[in-house]
Amino acid sequence: MNCPNELTCSRFVDNGLDATEHQTVSAHIRECRACRTLVDSLTAERKLLREAMQTAGADGVIPAFIPRPTIPSLLVWLGWTAVALWGVGVVWLSLADTLTLPAWLSWISPTAIGTGIQVLVSTLLPGSTPMDLADGLLASTRSVVIAIAAIAGFGWLVRNQPGASGTALLAFCLLGPLLAAAPESHAFDLRRDEQRVIVGPDEVIDDTLIVTSEDVLIEGTVTGDLIVAGETIRIRGRIDGLVIAMGESVQLEGTFGGSVLGLGETVDVRTATLASNLFGAGERITVQQDVEIRGNAAAAGEEVSLHGAIGKDLISAGGRVTLLGSVGGSMRGYAGKVELTDSARIAGNLTLRVENADAVVIDPGAVVSGSTEIESWPEERNRFLTIDFYLGKVLQVLAAFLTGLVLFRFVPALADVELAGSTEALVTAGIGALALIATPVLSVVAILTLIGAPLGIMTFLIWLAALYAAGIVISGYAGRLLLPGAEGRAIPLLLGLVLLVVLSNLPFIGGPVKLVVGILGLGMIAQWLQGLWQARRV
Amino acid sequence: MKKAAFDALYREHYGRVYGLCRRLLGQSADAEDATQEVFVRAYRSFGRYRREDPFGPWISTIAGNYCIDLLRGKQRRGDLFNEDAEVDPASDPLDNGAGPLIRSQDAETINRAVEALPEQFRLPVVLAYYSDASYDQIAETLGITRNHVGVLLLRAKKKLREQLTTQSAQGELR
């Protein structure tokens, strides 16, 4: 062979040639004196370099090794436990009809957990309606646990499991919350018709019912939730779950086990019994005389007229609010005009905020058992002159500071993010603006598809958390810019936060400051996540 | 149990890992923090470490990957090795014969010269001559080809030669 070049000799010396090449060169240098000399000196050079580099070891003392329990690993354990529990629960529920347990084992049934929470809640909060609250607690605990599971699973996946098993896990993590938030009966009934949908008086629907049509009449029984959209909606039957009705004219006459949300040009509640709350919004909201609402009522409209009996508090806002009925708790009103007729009864306090004191008419027969406070709203005090405002801001800074310390402790990378140059700042801002606008839009779209609602809500909550973190990250960055020599992260962070709170509360520039901080902060977080994704190796 | 076993390995290997991080990162980051982070990562995946394998190479791989990621993070937009990714050995200017080789110099001078190398040369040199990593391991850690590893190493040595020769010439003049 021809004499090998220096690169080949260097690789030969480093053991960096493949076996055949190595042999060829080895054979050649036995013959060729020039090449042998070159290889020998390269070997000597390598030896010298290696020895020199190996000499200097560690300087100073070895610091103690403290394996910190990381949030991710904690979350992973929590998450998988929750997923496992939930899986058992789902299997259990589907078997529950066919399988009966001996009494001594009944505590493992998933329904028993619900009962346990109910007992706990009614013990802790006497006087509360245990059923509603317990169900709500159970549902929200489940959602939170499963959301944590999904996030933890996803985080773990990003770190440790690229490839097929990872994809399967991801699918499971995303599917989990979707399935978990489906109604217990695992189905819903969808009815759609251009002109008219009628659920007859003898009909019983055991699922959640979703109806869209021009003219909707529900006279039967729905044991799940009811969601209706139409022009004219009349609900006369018995609905056990939540009711959401959106239409030009909404009439409610039945018996309602859950809360009722009515949105329409006119929302008219007549001869109805509501075991829970009423939320009404529209041009004209009317609650007739024979109505009983055991929970709270919130009504907002141009013209609000309330006649029935409201068990708890009433919040009302609108152009003109008239109270003819009774309120078991307190009443709060924000309106152009408020009238309490002779038949009005309020067991608690009356707080009104109106255009001017003349706009309130309280007839002599009306009874307010608690205190009455009427404020006219244009004369709202300057918020900058109240102590509460400053106290609130101090608390806000402290909360963000503590959150920031925890955040930076567990995700140190977020404490070190920076903008290298103007181009990068623009890229970051672009990504941030996209995250700021696209995420809530996508969440709303997902929520509208109903089946994607849990995912949408979860995304939205994560987005809110990210927005909060964005402020902290930017504050930390600003603080470091202002105090380049500062030791640690706490002082710069605190300085940055104070600055941010002051700036974002200034008139005129406050809004733009918040916008810019949100955009840049979200962009930085997004880029950090992207970096994490790229650096998935150990 | 795990903590005790790991503690012993930590004390034994701290020095080498610290040295590796310091050499890989150069002036660009705090090697002590990086070493801690490397051990934290190792501790986390200690379950996957097979006890019959030597610990040194295993932790060195983690350290190498971590430091490279750190450096990559610092210059996200430009890849560390994007310039002349593939080199045609025939046309390469480094192939006009071996210049004066590095001769007996004290270790400190050599280490200073290594530290002063540009990142793309320093990394393979440290991995090859400090960590004793093979061409395959270096190629995997840096995300380049085996061939490229050889080219970078030879170029690095040429730079070291130049630098050390100039230094010793200046030394003699004085």
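This is a predicted model: local features need pLDDT of at least 70, side-chain atom pairs count only at pLDDT 80 or more; totals for chains, interfaces and linings use all residues.

Colleague: What makes the second largest cavity count among the cavities of 30 Å³ or more?

Modeller: The second largest cavity holds about 40 Å³ of space, and the cut-off is 30 Å³. As for being called a cavity, that word is used because a 1.4 Å probe fits there but cannot get out.

Colleague: Which residues line the second largest cavity?

Modeller: A:Phe408, A:Ala415, A:Gly476, A:Arg480, A:Arg489, A:Pro492 and A:Leu493. Helices α11 (453-482) and α12 (490-504) of chain A each supply at least two residues of that lining.

Colleague: Why does the lining of the second largest cavity divide into four nonpolar, one polar and two charged?

Modeller: Go by class: Phe, Ala, Pro and Leu count as nonpolar, Arg as charged, and Gly as polar, so the lining comes out as four nonpolar, one polar and two charged.

Colleague: On to the helices. Why are α3(A) and α5(B) called roughly perpendicular?

Modeller: Helix α3 (residues 33-55) of chain A packs against α5(B) at an angle of about 90 degrees, with the axes 9 Å apart. Angles of 65 to 115 degrees count as roughly perpendicular, so the pair gets that label.

Colleague: How do you know that α3(A) and α5(B) meet?

Modeller: Contact means heavy atoms within 4.5 Å. A:Arg46, A:Leu49, A:Arg50, A:Met53 and A:Gln54 in α3(A) meet B:Val125, B:Val126, B:Tyr129 and B:Tyr130 in α5(B). That contact divides into six nonpolar, one polar and two charged residues.

Colleague: And what makes α3(A) and α4(B) roughly perpendicular?

Modeller: α3(A) and helix α4 (residues 107-115) of chain B pack at about 90 degrees, axes 9 Å apart. That angle falls in the 65 to 115 range, so they are roughly perpendicular to each other. On the α3(A) side, the contact is made by A:Leu48, A:Leu49, A:Ala52, A:Met53 and A:Thr55, and on the α4(B) side by B:Ala107, B:Ile110, B:Asn111 and B:Val114. Seven of the contact residues are nonpolar, two are polar and none is charged.

Colleague: Last one: why does the second largest pocket lie between domain 1 and domain 2 of chain B?

Modeller: Domain 1 (2-74) and domain 2 (89-173) of chain B both give residues to its lining, so the pocket lies between them. The lining has 24 residues, with B:Pro57, B:Trp58, B:Ser60, B:Thr61 and B:Ile62 nearest the centre. α3(B) gives the largest share, nine residues.

Definitions and conventions
Residues are numbered from 1 along each chain as its sequence is written. Chains are lettered from A and ligands numbered from 1 in the order in which they are written. Side-chain values use heavy atoms; hydrogens and water are left out. On a 1 Å grid over the protein atoms alone, a cavity is a set of points where a 1.4 Å probe fits but cannot get out, and a pocket is an open set with protein on both sides within 12 Å along at least five of seven lines; lining residues have an atom within 4 Å of a point. Helices (H or I, at least four residues) and strands (E, at least two) are DSSP runs, numbered from the N terminus. Domain bounds come from an automatic or database domain assignment. Axes are lines fitted to C-alpha atoms, for helices over the stretch in contact, and angles run from 0 to 180 degrees between N-to-C directions. Angles under 35 degrees count as roughly parallel, over 145 as roughly antiparallel, 65 to 115 as roughly perpendicular and the rest as oblique. Grid points are joined across faces, edges and corners, and a volume is the space filled by probe spheres set on the points.
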